[in-house]
Amino acid sequence: MRHQRTPQSARSADHHALGRAVLEARARRGISQEELGFRSRLHRNYVGAIERGEINPTFRTLLSLTAGLALPLLELIQLYERQAAEAGR
């Protein structure tokens, strides 16, 4: 199994922060979910589910996303941390 779906009421704030980080990185590059999916070898619907915080992606999926976004994993983690801090306010 590549991911774990969680009910909407049980979605983690961490998943939402990660999703916002992926969305921000994708938007900065001016690419669509479909293009990111192609570059990452993930389905565009899967990319959308990550961005909405609906799923808990695996480490391998995060590596695929960062390859598709052409950014280091550390940068995605930093975006996530900023998003999580902003959501906590």
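His 15 lies in helix α1. Keep in mind that this is a predicted model.

Q: Why is His 15 called buried?
A: Its relative accessible area is 13%.

Q: What makes α3 count as largely enclosed by the rest of the structure?
A: Go by the tally: 6 of its 8 residues are buried, so α3 is largely enclosed. Those residues are Tyr 46, Val 47, Gly 48, Ala 49, Ile 50 and Glu 51. They pack against α1, α2 (33–40) and α4.

Q: How do you know that Gly 37 is buried?
A: Gly 37, which sits in helix α2, has 2% relative accessibility. The limit for buried is under 20%, so Gly 37 qualifies. Setting aside neighbours within four places in sequence, Gly 37 is in contact with Leu 42 and Val 47. As for Gly 48, it is 11 residues from Gly 37 in sequence, with 9.2 Å between their C-alpha atoms.

Q: Why say that the buried residues of α4 line one face of the helix?
A: First, the residues themselves: Thr 61, Leu 62, Leu 65, Thr 66, Gly 68 and Leu 69 are the buried ones in α4. Looking down the axis of α4, you find them within an arc of 160 degrees, so they line one face. Over on the other side of α4, Phe 59, Arg 60 and Ala 67 are exposed.

Q: What covers the buried residues of α4?
A: The cover includes α1, α2, α3 and α5. Take Leu 69: not counting residues up to four places away in sequence, it touches Ala 25, Arg 26, Arg 29, Ile 31 and Leu 36. Past the end of α4 comes Ala 70, with a positive phi near 55 degrees.

Q: Which members of the largest nonpolar core touch the most other members?
A: Out of 18 residues in that core, they are Val 22, Leu 36, Ile 50, Leu 65, Leu 69 and Leu 76. At least two core residues come from each of α1 (13–29), α3 (44–51), α4 (59–69) and α5 (73–87).

Notes: Residues are numbered from 1 along each chain as its sequence is written. This is a predicted model: local features need pLDDT of at least 70, side-chain atom pairs count only at pLDDT 80 or more; totals for chains, interfaces and linings use all residues. Side-chain values use heavy atoms; hydrogens and water are left out. A nonpolar core is a set of buried Ala, Val, Leu, Ile, Met, Phe, Trp, Tyr and Cys residues joined through side-chain atoms within 4.5 Å. Buried means under 20% relative accessible area, exposed over 50%, partly exposed in between (1.4 Å probe, protein chains only). Helices (H or I, at least four residues) and strands (E, at least two) are DSSP runs, numbered from the N terminus. Contact means heavy atoms within 4.5 Å. The arc is that of the directions from the helix axis to the C-beta atoms.
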